[in-house]
Amino acid sequence: MKPITILIADDEAEIAELIAIHLEREGYHTVKAANGRAAMQAVQSQPVDLAILDIMMPELDGHEVTRQIREQYRMPIIFLSAKATDLDKITGLVLGADDYMTKPFNPMELVARVKAQLRRAMQLNQPAEGVHSILQVGALIIDPDKRAVAIYGQTVELTPKEFDILHLLASHPNKVFSAENIFEQVWGESYYDSGNTVMVHIRTLRKKLGEDPKKFVKTVWGVGYTFNG
């Protein structure tokens, strides 16, 4: 069985080495990159199961690396950055990151978050029992097997988390999910003060679906969200 490979992209060599030591103790294989361009070369030259990215890197910053990764790959991405404002976190999550930790950080907490993201990714990639049916509501089509969404025949480019939220809601039309319910089912871990993570993903999901921004995903004030099927 091939070891799980984790990319650590950080221009601070001491931090990258510290992370690598803790991950390798857990049996993971690590690859280090000192800048964004080297990070992309690593992703393109070998299978990478998860990426830990700093934001402020030379060559290409973490945001640009994330954009390029998301054009081709679905591996979980964790931002690890000294940029700690809510706006920084929201920007990272909207771009397609799955989690965000700020420096200074607890290495054991980072390892725990890595395990949670890998567990979630593996669950999503397991062969399904039976055949997944394509969901269609009016002009909106959701294909769970291909993890693809189209509206009026045009492909809608969603991040992995945006797709998971849409599929969760669409699979249970008219059922109301609280932000806590959505977070625990989509992120696969206990709900915590997520800095409006779910709300931000809902907002960008609506924008990408177009038309009336609340036509498909409706807010039930004080309760949560539902798919308006």
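**Stop one: helix H7**

Select Phe 183 and Trp 187 in helix H7 (residues 179-187); being four residues apart, they are separated by about one helical turn. Helices here are DSSP runs of H or I with at least four residues, and strands are E runs of at least two, numbered from the N terminus. This is a predicted model, in which local features need pLDDT of at least 70 and side-chain atom pairs count only at pLDDT 80 or more, while totals for chains, interfaces and linings use all residues. Residues are numbered from 1 along each chain as its sequence is written, and side-chain values use heavy atoms, with hydrogens and water left out.

Phe 183 and Trp 187 are both buried, that is, under 20% relative accessible area with a 1.4 Å probe, protein chains only.

**Stop two: aromatic pairs**

The structure holds three aromatic pairs; rings of Phe, Tyr and Trp (its six-membered ring) pair if their centres lie within 6.5 Å, counting as stacked with planes under 30 degrees apart, edge-to-face over 60 and tilted for the rest. Next, select Phe 79 and Tyr 100, an edge-to-face pair with 5.9 Å centre to centre and 65° between the planes. Phe 79 lies in strand S4 (residues 77-81) and Tyr 100 in strand S5 (residues 99-102), so the pair ties together parts that are 21 residues apart in sequence. Both Phe 79 and Tyr 100 are buried. Return to Phe 183 and Trp 187: their ring centres are 5.0 Å apart and their planes at 10°, so this pair is stacked.

**Stop three: helix H8**

Finally, select residues 197-209, helix H8; its buried residues include Val 198, His 201 and Leu 205. Just after H8, Gly 210 takes a positive phi of about 70°.

Key
Buried means under 20% relative accessible area, exposed over 50%, partly exposed in between (1.4 Å probe, protein chains only).
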